[in-house]
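Please look over the sequence and the three-dimensional picture below before reading on. The report is written for a reader who is new to protein structure.

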Amino acid sequence: MVSSYSSSSSTITSKFLGLLLLLSLQLDILLGSALHLKNITSFRPNREIQKLRKVEAYLKRINKPSIKTINSPDGDVIECVLSHLQPAFDHPQLQGQKPVNLPDRPSRGNETKDEEHFNQLWSESGESCPIGSIPMRRTTQSDVLRAKSVRRFGRRLRKPIRRDSSGGGHEHAVVFVNGEQYYGAKASINVWAPRVTDAYEFSLSQIWLISGSFGHDLNTIEAGWQVSPELYGDNYPRFFTYWTTDAYQATGCYNLLCSGFVQTNNKIAIGAAISPRSSYKGRQFDIGLMIWKDPKHGHWWLELGNGLLVGYWPVFLFSHLRSHASMVQFGGEVVNSRSSGAHTGTQMGSGHFADEGFEKAAYFRNLQVVDWDNNLLPLNNIHVLADHPACYDIRQGKNNVWGTYFYYGGPGRNPRCP
């Protein structure tokens, strides 16, 4: 009887000890999980806080004190900033200086002067910035956080540079000239609102002035219109500028998002939406753009329409472009990220192919270049290039009304462009 009781007691004790051991292990697991969770939650907020601090520091640097604020119908906030406080004058070589005197404009050829009046949404109410100030689109925290990194905000993604302009997921339909020394370029660019199907893609139409070896020393000056959901948070076509001296690696930026371009105009907001836009089988609207090197000071100036000076890129920003450009390009560019595993449906131009013609396809007209003697001249030895003509194509022509012109663009993904 005693022996039976001892055996039963031993069994109960063994089970009790086993239960305690199991509870102890589960407690260790729970404590370990809690500690791990604490480490994660304490780490992530720290990283987020550091990122937000970087964003705030950037915004403080780029958003200058304003003397007037204008709210645009599209949600933009336009700040009127005193000219000498704009970001360009943060540059060590510009600190304490003022914008230079007006340049000598190129002698004009026989181009037509019938561009539509350039307008932007923010100014449609009749608001403007006082003389002595410039309109700057306020950069917001959400703008910067949309970028893949704070450091790359306002800059194009790095891409391989090839002499034919293609590569790195960037696709083009362009007319270009090379083989001579170019001191500027001019064209009237048809404005549309192409559909961009991925948040990190863009569609643009612009003029490029290019110099360098097409390696890491590539210099470019660029201006035109673009649709970029990542940069602006919407699908409006916006007037923009860009520059780089190292093939988009570390120098340069869009618009006024770094020290570089010096704006002199109080009526144009670089980066603001263009209005009106062209419509399919409807009215067509152009912006006239000219970029040229001022013979007096050597700076590269930007003009809108017939005589509206926007500002200039100081010549010291560049290496090869200190003297002249070796190539000029006109046309469209899109980013094809293939995020869905197929070719992007992001449109170029109007989203229609070149052979559809006027009121349907987008165009450039009155293409010209500036020579060493500051004269506007027609293009010679023209090259026409479409990286993927089944996706976006181009057709160039010439007549007495439009001078040298071309139609270009396309829908992107389609049965011939999978």
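Predicted model: local features only at pLDDT ≥ 70, side-chain atom pairs only at ≥ 80, totals over all residues.

**The chain as a whole**

The protein chain holds three helices and 18 strands, and of its 418 residues, 53% count as buried. When contacts between residues at least 6 apart in sequence are considered, 74% of them join residues at least 24 apart. The chain exposes about 19,200 Å², and carbon and sulfur atoms supply 54% of that area.

**The disulfides**

A disulfide is a covalent bond between the sulfur atoms of two cysteines. A search of the whole structure finds three of them, and they are listed here with the separation of their sulfur atoms and the torsion about the S-S bond.

| Pair | Sulfur separation | Torsion and hand |
|---|---|---|
| Cys 80 and Cys 129 | 2.0 Å | about -80°, left-handed |
| Cys 253 and Cys 258 | 2.1 Å | -80°, left-handed |
| Cys 391 and Cys 417 | 2.0 Å | about 95°, right-handed |

If the bonded cysteines of the protein chain are numbered in sequence order, the pairing reads 1-2, 3-4, 5-6.

Which parts of the chain does the disulfide of Cys 80 and Cys 129 tie together? The sulfur atoms of Cys 80 and Cys 129 are 2.0 Å apart. Cys 80 lies in strand 2, which covers residues 77-82, while Cys 129 lies in the loop between strand 2 and strand 3 (133-137), so the pair ties together parts that are 49 residues apart in sequence. Cys 80 has a relative accessible area of 0% and is therefore buried, and Cys 129, at 3% relative accessibility, also counts as buried, because buried means under 20% relative accessible area.

In the pair formed by Cys 253 and Cys 258, both cysteines are buried.

The sulfur atoms of Cys 391 and Cys 417 are 2.0 Å apart. Cys 391 counts as buried at 5% relative accessibility, and Cys 417 counts as buried at 1%.

**Asn 255**

Asn 255 is found in the loop between strand 8 (238-244) and strand 9 (262-263). Is Asn 255 buried or exposed? Its relative accessible area is 5%, so Asn 255 is buried. The side chain of Asn 255 makes a polar contact with the side chain of Tyr 232, at 3.0 Å. Leaving aside neighbours within four places in sequence, the residues in contact with Asn 255 include Tyr 232, Phe 239, Phe 240, Phe 261 and Ile 270.

**Val 328**

Val 328 belongs to strand 13, which runs over residues 325-335, and with a relative accessible area of 0% Val 328 is buried. Which residues does Val 328 touch, not counting residues up to four places away in sequence? Among them are Val 175, Phe 176, Val 177, Tyr 182, Gly 184, Ala 185, Trp 208, Leu 209 and Val 369. For one of these residues, Ala 185, the C-alpha atom is separated from that of Val 328 by 7.2 Å, although Val 328 and Ala 185 are 143 residues apart along the chain.

Technical notes
Residues numbered from 1 in each chain as written. Heavy atoms only, no water. Helix = DSSP H or I, 4+ residues; strand = E, 2+ residues; numbered from the N terminus. Buried < 20%, exposed > 50% of the residue type's maximum accessible area, 1.4 Å probe, protein only. Contact = heavy atoms within 4.5 Å. Disulfide = S-S within 2.5 Å. Areas by Shrake-Rupley, 256 points an atom, 1.4 Å probe, with all protein chains shown as cover. Polar contact = N/O pair within 3.5 Å; in protein donor to acceptor, adjacent residues only side chain to side chain.
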